[in-house]
Amino acid sequence: MVSKRLSKEAGHRRKFLAIIDDTPECERAVAYASKRARSTSGVLVLLYVIEPDDFQHWLGVEKIMREEATATANAALDGHAAKVRENLGIEPELVVREGRPAEEIHKLIEDDQDIAILVLAAGAGKEGPGPLVASIAGKGAAFPIPVTVVPQNLSDEDIDSLA
């Protein structure tokens, strides 16, 4: 059960959540979410989840690996945020979390009651739609807010007409 969404109440704005990762379709999700945020006077939230599997080493190595992963996360978020600022003139909220992606998305949605739409992009390759889109079809992994799935092959013009 998700807590009550506050985006319709005075002093709140609807937030569109896009996940930043290393999949090629990620850019399409950001493009759609940012244009929907702008066209509805909403807010764009970009989330990067650092998966902890890589940190199971000796303490000194773990610390270095975590710092490198955090730097990678911040660089990825900054790159997408710069494009959004330049192309649309809106300032996204940037969030870095550590954990399993689906769990951290759920936690962020619960923590930020203004997040009302999760935007994912489906890959067009033979390997499937991508890990997050595949997870919403899995057992018990459904997200507690509406999910918009954007096809990777949509052009910028297509996204403009839809957003």
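Student: How many residues does α1 have, and what span is expected at 1.5 Å a residue?

Tutor: α1 has 14 residues, and the expected span is 20 Å. The rule takes 1.5 Å times one less than the number of residues. From its first C-alpha to its last, α1 reaches 20 Å, close to that expectation. Helices here are DSSP runs (H or I, at least four residues), strands are E runs of at least two, and both are numbered from the N terminus. Before we go on: this is a predicted model, where local features need pLDDT of at least 70, side-chain atom pairs count only at pLDDT 80 or more, and totals for chains, interfaces and linings use all residues. Residues are numbered from 1 along each chain as its sequence is written, and side-chain values use heavy atoms, with hydrogens and water left out.

Student: Why is E104 called buried?

Tutor: Buried means under 20% relative accessible area (exposed is over 50%, partly exposed in between, with a 1.4 Å probe and protein chains only). E104 has 5%, so E104 counts as buried. E104 is found in helix α3, residues 101–111.

Student: What does E104 touch, beyond residues up to four places away in sequence?

Tutor: V49, R97, E98 and G99. Contact means heavy atoms within 4.5 Å.

Student: What makes α1 mostly covered?

Tutor: Ten of its 14 residues are buried, including C26, V30 and Y32.

Student: Which residues touch the most other members of the largest nonpolar core?

Tutor: I20, V30, L44, L46 and V119, out of 28 residues in that core. A nonpolar core is a set of buried Ala, Val, Leu, Ile, Met, Phe, Trp, Tyr and Cys residues joined through side-chain atoms within 4.5 Å. α1 gives the most to this core, with seven residues.

Student: Which residues line the second largest pocket?

Tutor: Among them are E27, R28, H80 and D156. A pocket is an open set of points on a 1 Å grid over the protein atoms alone, where a 1.4 Å probe fits, with protein on both sides within 12 Å along at least five of seven lines; lining residues have an atom within 4 Å of a point. This pocket's volume is about 210 Å³, and α1 supplies the largest share of the lining, six residues.

Definitions and conventions. Points joined across faces, edges and corners; volume = space filled by probe spheres on them.
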